Structures are given as structure tokens and as C-alpha cells.
Amino acid sequence: MLTVTNLSIRTKQTKETLVRSVSFSVKSGEALGLIGESGSGKSMTSKCIMRLLNPRLFDLRGSVQWNGKEMLAVKLNELDGYRGKQISMIPQNPMTAFAPMLKLGKQMELGFSLKGRRERTQFRGRLAAALADVNLPDARKILGSYPHELSGGTLQRVMIALTLLQRPKLIIADEITTAVDAASEYLILNELEKLRRTGVSMIVVTHEMGFAREAAHRISFLEKGQFIETDSPEVFFSHPSH
């Protein structure tokens, strides 16, 4: 489904190379774990796949193909057909993911371009079920709240629920368990496993070694913008080569 070949990311101002000749692929229903220290290039690689890097600031080289289509060549006004619907990203910082002046329910309705009372009612019912799946049973309170009235962990789970609701073909999960408790992490793992069984592919970016071991079929370790090692969790955690 996703094939990345010789991807390099360089800043245009300083000419610093942040990601160097990275290549990998993700098949249908497969989960690839990306681990590495801060600044190793994990999030930069993920944002490049989603075309979220400002082209005036970054120079991109190589190839990112989604089902045979070159994503780096897709025009910006055509990306709405891919973002969210086919490839979805759960961002690392939920505190900046929502508009601060709108209640969550209202901005979700605007984001999904809902029309009419019946469509909004059906959407809120499906959203309430998705929120319950990530251990947020009080949907009425959450949807009636402003972002600053909720904790970072709660907002993170709301982001996960929205992604699950869209049922994309590929989910890029960027540090999604950083702000949640152990019970919520267990629920999130279960939901990710359910999605994998339906053929959804994943890229799991994480610092949590235990989460990577449970969530990924293969694990790639990045250091200074390069892949150092890629292997199964069993090999990676028993006798890594690096």
C-alpha cells in the first residue's frame, strides 16, 4: 500500500539534512513501529507522508507512493481526497489540534461538513460509540466542552476516536499513548488490533518500547535521520544487531 524510497528531507535555509535516504514499505493490515530518540526523524518522516511539511521551508527528495500514486507530486488542492479518508494521522500534541474558541461537538460537525439535524444526530451517535471505545463514556459532556476544559489525555483519546470513526486505510499514530494512563493504553491497543484485522495499515511512532512490541509487526529504529535496524519485535527485543 505504502512504499517510501530514498526519502530525504532537508531544510532550505540551513541545508541541514533531517532525514537521509529512508526506505520502507507498509502492506495492507501491517503495523510498522518507528522508534528512536527525539530528533531522529520519526515525526518528520510521518509528516512528509501526509504532505504536512511547508514546501517553502523543506526540500523533499525521493518517492512516497500510495497504492502506486506518487504523493510528493500530488497538488495541494487534491490532497483532501487522501488526508483523513485514506491516510489519517493522530498528532502528537492534542492540546493544539483543536480550535480553542469552539466546543468540540461543533467543530467536529464543521470538520465533517454535516448538513441537517438528522445527519448531525446520526454522527453524534457514531461518535459517542467511538468515544466509549477509548474509555470516554460521557460523550455529551465532552462534546459540550471547550478544548481547554479537558485534559491532554482526554483530548488525545478524542483524536483517536475521530480517526477510528473515519476508518482510513492507513493510520499514522504519532506518540498516541504519551498522555494517557495504563488502562486507556490497553483500550487503545485493543482498538488498533481490531482495525488491523480489517486490513487497516499503521505506522506507530512511539518512545514506549512495550507499546511498540505489542502494536507493531515490524520495528524500525532511527538514529540521526537514518534507519539503523529493522526487524520483528521478537528479534528486536531479544538480540538486536545494533
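Predicted model: local features only at pLDDT ≥ 70, side-chain atom pairs only at ≥ 80, totals over all residues.
Residues are numbered from 1 along each chain as its sequence is written. Local features need pLDDT of at least 70 and side-chain atom pairs count only at pLDDT 80 or more, while totals for chains, interfaces and linings use all residues; side-chain values use heavy atoms, without hydrogens or water.

Helices (H or I, at least four residues) and strands (E, at least two) are DSSP runs, numbered from the N terminus. An open sheet is formed by 6 strands in the order 6-7-8-3-9-10, with mixed pairing. Pairing requires that DSSP finds at least two bridges between two strands. Strand 6 (87-90) and strand 10 (226-231) are the edge strands, and each pairs on one side only. On average, neighbouring strands of this sheet are turned by 20° against each other, direction ignored. Helix 5 packs on the sheet, where it touches strand 6 and strand 7. The direction of helix 5 makes about 170° with that of strand 6. Axes here are lines fitted to C-alpha atoms, for helices over the stretch in contact, and angles run from 0 to 180 degrees between N-to-C directions.

At one end of the strand order, strand 9 (residues 218-223) and strand 10 run antiparallel and are joined by 5 bridges. Isoleucine 219 has aspartate 231 of strand 10 as its bridge partner. Glutamate 223 stands opposite glutamine 226, also in strand 10. The two strands form a hairpin with 2 residues between them. In the turn, lysine 224 has a positive phi of about 55°.

Strand 8 (residues 201-205) contains isoleucine 203. This residue counts as buried because its relative accessibility is 0%; buried means under 20% relative accessible area, exposed over 50%, and partly exposed in between (1.4 Å probe, protein chains only). Beyond its neighbours within four places in sequence, isoleucine 203 is in contact (heavy atoms within 4.5 Å) with residues including Leu2, Phe24, Leu34, Ile49 and Ile172.

Helix 6 (residues 182-197) has 16 residues. Its first and last C-alpha atoms are 23 Å apart, close to the expected 22 Å. The expected span is 1.5 Å times one less than the number of residues. Ser184, Ile188, Leu189, Glu191, Leu192, Leu195 and Arg196 are buried in this helix. They lie on the same side of helix 6 because they cover an arc of only 165° around the axis, taken from the directions from the helix axis to the C-beta atoms. Ala182, Tyr186 and Arg197 are exposed on the face turned away from the buried side. Among the elements against which the buried residues pack are strand 3 (31-35), helix 3 (117-133) and strand 7 (170-174). Just after helix 6, glycine 199 takes a positive phi of about 100°.

A nonpolar core is a set of buried Ala, Val, Leu, Ile, Met, Phe, Trp, Tyr and Cys residues joined through side-chain atoms within 4.5 Å. The largest has 35 residues. Phe98, Met108, Leu127, Leu131, Val158 and Ile176 touch the most other members. Helix 5 gives the most to this core, with 8 residues. Phenylalanine 98 is in contact with Met108, Pro147, Leu155 and Val158, among others, its neighbours within four places in sequence left aside.
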